[in-house]
Structure formats: structure tokens, C-alpha cells
Amino acid sequence: MSNQQSIPDNLEAMRKFSETYAKRTGTFFCSDLSVTSVVIEGLAKHKDKYGAPLCPCRHYDDKVAEVEAAYWNCPCIPMRERKECHCMLFLPPDNDFAGKKQSISQTALIDYIEFDTI
């Protein structure tokens, strides 16, 4: 993919949301940005398909029902209440996997994902 192309709107929206939320909550992205990228991609796909950024790191028997329940919509209840992110997208600074970044560039994001599947 050429760096001149823009990323899909849903992916960019989830990238910006993730950056804003990390900064607001004092959390950091995983030191392995491939984890961050794949989670953001999953959130974007779920938002596009189901209308909400359902946590992509869990198994659901009925994703539509889960979206309606809103418990696992990002930021999920465990993240909002206890800063526990199952996806490792938002990590407290003392977490062994936490990096030092609260942002990810479009270029870094697309380096790790299947861009054409968004």
C-alpha cells in the first residue's frame, strides 16, 4: 500500500479513539505495536459490522446480543471500572507489557494488519 493512500474511516476513527482514551486514562499501548494494531483493526471491523466497537479478543455466541448488552463494547466495563483491558490495548504503566506510547501512526498501524480486509 502506498503511504499516499488514506486508511478507511472506521479504522482511523478507532485509531484516534484509542489514542484519546489512552491519554485520558493514563494507560499505554502494548510494547508490541502489532498487538495494538490488530486490536484496533478488530474494533474497527466490529464497529463497521455491528455498529459498536465490540471487544475483538473474546468469543461470543451472539455478537449482536453482546453489542446490545454493551458490557464488552470498548471501552468495556472492566476497563472503565478497574482499568483491566483483556485485549492489552490499554495498559497501566506498571504492566509488564506496557510500552511508552499512547499514540500509533497510520503507517505503523497498517504495517501489522491485513489492510484490504477492513
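1. In this note a residue is called buried when its relative accessible area is under 20%, exposed when that area is over 50%, and partly exposed in between, as computed with a 1.4 Å probe on protein chains only. By that rule Glu41, at 8% relative accessibility, counts as buried.

2. The structure is a predicted model, in which local features need pLDDT of at least 70 and side-chain atom pairs count only at pLDDT 80 or more, while totals for chains, interfaces and linings use all residues. Residues are numbered from 1 along each chain as its sequence is written, and side-chain values use heavy atoms, with hydrogens and water left out.

3. The helix pair comes next. Helices here are DSSP runs (H or I, at least four residues; strands are E, at least two), numbered from the N terminus. Helix H1 covers residues 9-25 and helix H2 residues 33-50, and their axes come within 8 Å of each other and cross at roughly 125 degrees. That angle makes H1 oblique to H2, given that angles under 35 degrees count as roughly parallel, over 145 as roughly antiparallel, 65 to 115 as roughly perpendicular and the rest as oblique. The axes are lines fitted to C-alpha atoms, for helices over the stretch in contact, and the angles run from 0 to 180 degrees between N-to-C directions.

4. The crossing of H1 past H2 is right-handed, a term that applies if the near helix is turned clockwise from the far one by less than a right angle, with anticlockwise giving left-handed. On the H1 side the contact (heavy atoms within 4.5 Å) is made by Asn10, Leu11, Met14, Arg15 and Ser18, and on the H2 side by Ile40, Glu41, Leu43, Ala44, Lys47 and Asp48. Sorted by class, this contact has 5 nonpolar, 2 polar and 4 charged residues, where Ala, Val, Leu, Ile, Met, Phe, Trp, Tyr, Cys and Pro count as nonpolar, Asp, Glu, Lys and Arg as charged, and the others, Gly among them, as polar.

5. Ser18, which is found in helix H1, is buried, its relative accessible area being 0%. Leaving aside residues up to four places away in sequence, Ser18 touches Phe29, Ile40, Leu89 and Phe90.

6. The structure holds 6 salt bridges, each being a side-chain nitrogen of Lys or Arg within 4 Å of a carboxyl oxygen of Asp or Glu. One of them joins Glu12 to Arg15, with the closest N and O atoms 2.7 Å apart; both residues lie in helix H1, 3 residues apart, about one turn of the helix. Glu12 is buried at 13% relative accessible area, and Arg15 is buried at 11%. Salt bridges also link Glu12, Arg15, Lys16 and Glu19 in a network.

7. In helix H2, Lys45 and Glu41 lie 4 residues apart, about one turn of the helix, and their side chains meet in a salt bridge of 3.5 Å, N to O. Lys45 counts as partly exposed at 33% relative accessibility, whereas Glu41 counts as buried at 8%.

8. A further salt bridge pairs Glu84 with Arg82, the closest N and O atoms being 3.2 Å apart. Glu84 is partly exposed, with a relative accessible area of 41%, and Arg82 also counts as partly exposed, at 44% relative accessibility.

9. Thr107, found in helix H5 (residues 106-111), counts as partly exposed at 39% relative accessibility. Its C-alpha atom is separated by 9.2 Å from that of Ile7, although Thr107 and Ile7 are 100 residues apart along the chain.
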